[in-house]
Amino acid sequence: MMKYISTRGNAPELAFDEVLLTGLAKDGGLYVPKEVPQFTLEEIESWRDLPYTELAHKVIYPFVEGCVEADALKQMLEEVYNNTNFGHKAIAPLQQLDHNEYVLELFHGPTLAFKDFALQLLGRLLDYVLEKRQEKVVIMGATSGDTGSAAIEGTKACQNVDIFILHPYGKVSEVQRRQMTTVVGDNIHNIAIEGNFDQAQDMVKASFGDQSFLRGERKLVAVNSINWARIMAQIVYYFYSSLNLGGPLRPMAYSVPTGNFGDIFAGYMARKMGLPIEQLIIATNENDVLHRLMASNLYEVHSLKHTITPSMDIAVSSNFERLLFDLYDRDGLALADLMNQMADRTQSIELSEEKLAKARDLFDSLAVNEEATVETMKQVFDESGYLLDPHTAIGVKAARECRRNANIPMITLGTAHPVKFEDAVNRGGFDMPKLPHHLSDLMDREERLEVLPADLKTVQDFMAQNTFKD
Ligand SMILES: *Cc1c(COP(=O)(O)O)cnc(C)c1O
């Protein structure tokens, strides 16, 4: 059975079901697999003709073995990655931009962004594990966009989960709001906070810190990308895209629009599991804490900028700790020291030259400003009539700037559909694309939301009253 350990070396080892239900480890670290499953090239090569669900089973099963039955996993994967749920038969199709240059389209799921790949599965896994354990949980999260809708879509059918998603009232786009508020289910609660995103986020943090408002009957579960199950589900599409382009017999390079370092960490995992990956490109917007570290060896937290790529607007990249853990040769106590330094001293750290060199061996990085983002959308549209979403455009720009070897296929992860990001589409002077067919009536669906003041007690009372009413 796979065990999971904390990156800070001072928390109990957990099995998969416990990791699924735990956010941060008790020592403040993040959980990672104790041993990474390894596949040989021959094994990977033998999966070449598998459809997405079957490939997903090969990649995911070793991580959940002992907690989830092989057949149960198979059923979940079939429920999630099919042509009813995803608006494309290939699930994760490749779009060619140029000779040896591709976009991996990860936006055919119910909410049109890559987060569906993980959160659709996470909902099923949660229900399965909770059923076995005879428990129920409450999911609480704050969103400025993609995570909230993907989490709601992923858990709407869960028997054992109540979900409360806070968003800043009047401050998310209409498409994004409707993707949350039109989902039907007694267990779904959209709370519009009369305040900004940071206030909503602070209320979530405070609630995790002191859960007594739930009267001890339930516990809160986090669905942000520190949850290991999300990373796990995202590893699959690296294998899938590689196999579709002649891997593993030839290496691939990936460019990944990055915020919390979750999606790109999944690529790093795929490589550790045996998939030949030559280069991983960290593409950021002007919230470029990771690029500054890679370029000038200073990891320093700046205040947040709001950009036309809101899903990458982060000040701290939490999953980066998982990579640091490996750079520190999995020495949890050394890493705990480093992270404490960061908390003490003006929120900054430096790495040794040797560790930085190790990171630069595989990773390159680029920060792309708004102007260059829109410029790239225009450039690609002129080249091939293909409209990128602004997050993906950042990835394509970084792919073109940082590429090491033109003979290796370069795959940019297409993280969202452009229809979700009206500001960027308007800035580029493009016609607004149509909603995909499975969402074509989104603007006519009935909405359900609760508008509440930015007051912790009011929000918590609302949650307590609306949790598991039978
Ligand atoms: C969440 C998100 C990202 C960033 O992904 P991370 O895993 O946080 O790096 C990029 N693009 C879009 C569209 C997203 O929704």
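Contact, in these legends, means heavy atoms within 4.5 Å. This is a predicted model, in which local features need pLDDT of at least 70 and side-chain atom pairs count only at pLDDT 80 or more, while totals for chains, interfaces and linings use all residues. Residues are numbered from 1 along each chain as its sequence is written, and side-chain values use heavy atoms, with hydrogens and water left out.

**View 1. The whole protein.** Residues 24 or more positions apart supply 74% of the protein's contacts that have a separation of 6 or more. The protein has 18 helices and 15 strands; these are DSSP runs numbered from the N terminus, with helices being H or I of at least four residues and strands E of at least two. Its radius of gyration is 21 Å, close to the 23 Å that the globule rule gives for 470 residues, so the protein is as compact as a globular protein of that length. Here the radius is taken over C-alpha atoms, and the rule is 2.2 Å times the number of residues to the power 0.38. Along the principal axes, the C-alpha atoms fill a box of roughly 60 × 50 × 50 Å. Of the 470 residues, 59% count as buried, a word that means under 20% relative accessible area, with exposed being over 50% and partly exposed in between (1.4 Å probe, protein chains only).

**View 2. The largest nonpolar core.** A nonpolar core is a set of buried Ala, Val, Leu, Ile, Met, Phe, Trp, Tyr and Cys residues joined through side-chain atoms within 4.5 Å. The largest one has 117 residues, and Phe-16, Tyr-238 and Phe-239 have the most contacts inside it. Helix α9 (residues 228-244) gives this core its largest share, 12 residues. Which residues does Phe-239 contact, leaving aside its neighbours within four places in sequence? They are Phe-39, Ile-44, Trp-47, Leu-55, Val-59, Ala-270, Met-273 and Leu-275. A second, separate core has 17 residues, including Val-138, Ala-142, Leu-166 and Phe-462. As a general background, nonpolar side chains tend to be buried together in soluble globular proteins.

View 3. Helix α6 spans residues 146-155 and is mostly covered, with 9 of its 10 residues buried. Among the buried residues are Asp-146, Ser-149, Ile-152 and Glu-153. The cover over the buried residues of α6 includes α5, β5 (137-142), β6 (161-168), α7 (174-181) and β7 (188-194). Look next for Val-183 in the loop between α7 and β7. Val-183 is buried, with a relative accessible area of 8%. Beyond its neighbours within four places in sequence, Val-183 is in contact with Ile-152, Glu-153, Lys-156 and Ile-188. Val-183 and Asn-83 are 100 residues apart in sequence, and their C-alpha atoms are 19 Å apart in space.

View 4. In α11 (residues 289-296), 6 of the 8 residues are buried, so the helix is largely enclosed by the rest of the structure. The buried residues are Val-289, Leu-290, His-291, Arg-292, Leu-293 and Met-294. What covers them includes β10 (277-284), β11 (299-300), α12 (320-327), α14 (353-362) and β13 (363-367). Just after α11, Asn-297 takes a positive phi of about 55 degrees.

View 5. Most residues other than glycine have a negative phi, and most peptide bonds are trans. Where does Leu-112 lie? Leu-112 is in the loop between β4 (101-105) and α5 (115-133), and its phi is near 65 degrees. Leu-112 is also buried, at a relative accessible area of 0%. Phe-261 sits in the loop between β9 and α10 (262-272), with a positive phi of about 70 degrees. At 1% relative accessibility, Phe-261 counts as buried. The peptide bond from Gly-247 to Pro-248 is cis, with omega near 0 degrees, and Pro-248 lies in the loop between α9 and β9 (252-257).

View 6. Asn-100 belongs to the loop between β3 (94-98) and β4. Is Asn-100 buried or exposed? Asn-100 is buried, with a relative accessible area of 9%. Setting aside its neighbours within four places in sequence, Asn-100 is in contact with Arg-250, Arg-403, Ala-406, Asn-407, Ile-408, Pro-409 and Met-410.
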